Amino acid sequence: MNMQTDIAKSDKLNAATEAALETTLLNPRFYTTDFDELDAIDVSSVRPAWDKLVGEMRADPRKGHFKKNEDWDEVDWDGMEPELKKELIDFLISSLTAEFSGCVLYKEMRRRGANKDICELFGLMSRDEARHAGFINDALRESGIAVNLGFLTKEKKYTYFRPKFIYYATYLSEKIGYARYITIFRHLEKHPEHRIHPIFKWFKEWCNDEFSHGEAFALLMKTDPKLTQGRNIYWIKFFLVAVFSTMWVRDHARQRFHDALGIDIDEYDHKVLNLTSEISQQVFPIALDMKNPRWDRGLRSMNKAFQDMDKAKKRGGVMGAIGKMRAGTRALLTFINLYTIPSKKVECPEDPRLEPVW
Ligand SMILES: [Fe+2]
Ligand SMILES: [Fe+2]
């Protein structure tokens with residue numbers, strides 16, 4: 001290999017790692033928390049469900065799943081239309097960052113903890129996320145770029161969240177991850193002609209991992225009833241609105257990618273959000289009223305505000321800064337508007353456990 005290709009390759013590698021490093025409102029983040037508080041959780045009040053779930057995870061039913069086999073088709077990266085290629089790579093990098101974010105957080109908990117139950121659970125979950133992230137990175141490598149995960153662990157900014165915020169945010173991202181993966185899988189099962197990349201064939205088994213991770217957080221929240229009562233309900237609502245609207249904006253930034261998949265973004269997002277909302281009623285005592293016309297209107301203006309923010313950022317200079325501030329204010333007001341839509345009260349079941357039946 002000559003030096004020029006070497007340089008070109010390392011440049012691309014940096015570009016992918018840089019994209020994963022970026023901390024914006026929309027990019028997946030890395031988290032850190034009060035590990036001692038997490039370590040102090042006593043799971044005895046949910047013991048039977050806990051042992052069953054952890055037992056299933058320990059048995060490791062998807063051990064050999066995250067490997068390329070004869071189902072892995074060749075991807076014509078060079079022949080791909082540039083805008084689609086850009087968005088597909090962006091999708092893979094953002095998925096990888098989200099997967100790896102879980103891996104890093106769970107691994108750190110396992111490393112720092114002394115509580116046998118907690119350490120085992122977090123060890124099992126980090127095992128899964130490491131596989132997921134590694135598998136996506138293998139896919140990226142084929143396109144000529146890969147994220148340097150070691151570098152990312154050291155250099156990416158970590159956001160501190162109190163343990164309860166970790167429960168709400170991570171629970172939701174695991175469940176929304178499940179809902180996204182299964183919805184894409186079911187769609188491509190019906191329309192294989194739109195399967196633009198072989199990785200989607202792996203989503204059916206994959207999403208079951210995310211489902212169990214979400215179940216684990218549901219049980220963790222059940223160990224302390226205060227987490228889903230009183231003032232905390234306001235926080236739950238905050239995370240529901242934040243996670244749901246982020247997904248909407250992030251997906252709407254990838255029009256070409258969704259077109260190629262034959263997916264109507266509005267329809268797909270509604271489906272995923274409804275499913276996540278339905279699942280989250282296993283443990284959250286409220287649900288967002290997504291049938292309220294203010295909800296859809298709000299999501300659309302949120303998307304517009306983010307698009308304007310992006311344009312202003314690209315424009316730069318004083319006008320860019322003013323534009324960014326204006327659009328940012330609009331996004332904040334829209335968030336408040338979404339947040340103040342009255343939510344629906346939910347009677348949560350005594351035993352929260354669900355099976356991935358979708
Ligand atoms: Fe994962
Ligand atoms: Fe997960």
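Which residues go to domain 1 and which to domain 2 in the domain assignment of the protein chain?

**Figure 1. The two domains of the predicted model.** Domain 1 takes 8–69 + 77–288, and domain 2 takes 289–348; the bounds come from an automatic or database domain assignment. Taken over C-alpha atoms, the domain centres sit 23 Å apart. As for the ground rules, residues are numbered from 1 along each chain as its sequence is written, while chains are lettered from A and ligands numbered from 1 in the order in which they are written. Since this is a predicted model, local features need pLDDT of at least 70 and side-chain atom pairs pLDDT 80 or more, but totals for chains, interfaces and linings use all residues.

**Figure 2. Where domain 1 touches domain 2.** Domain 1 puts 18 residues into the contact and domain 2 puts in 14 (contact: C-beta atoms, placed from the backbone, within 7 Å). On the domain 1 side, α9 (232–252), α11 (265–280) and β3 (286–287) each give two or more residues (DSSP runs numbered from the N terminus: helices are H or I, at least four residues; strands are E, at least two). The top contributor there is α9, with 7 residues.

**Figure 3. Helix α7 against α9.** Helix α7 (residues 163–190) packs on α9 at about 40°, axes 10 Å apart (lines fitted to C-alpha atoms over the stretch in contact, angles running from 0 to 180 degrees between N-to-C directions). So α7 is oblique to α9 (under 35 degrees is roughly parallel, over 145 roughly antiparallel, 65 to 115 roughly perpendicular, the rest oblique). From α7, the contact uses K164, Y168, A169, L172, S173 and I176; α9 answers with N232, W235, I236, F239, L240, V243 and M247.

Terms used
Contact = placed C-beta atoms within 7 Å.
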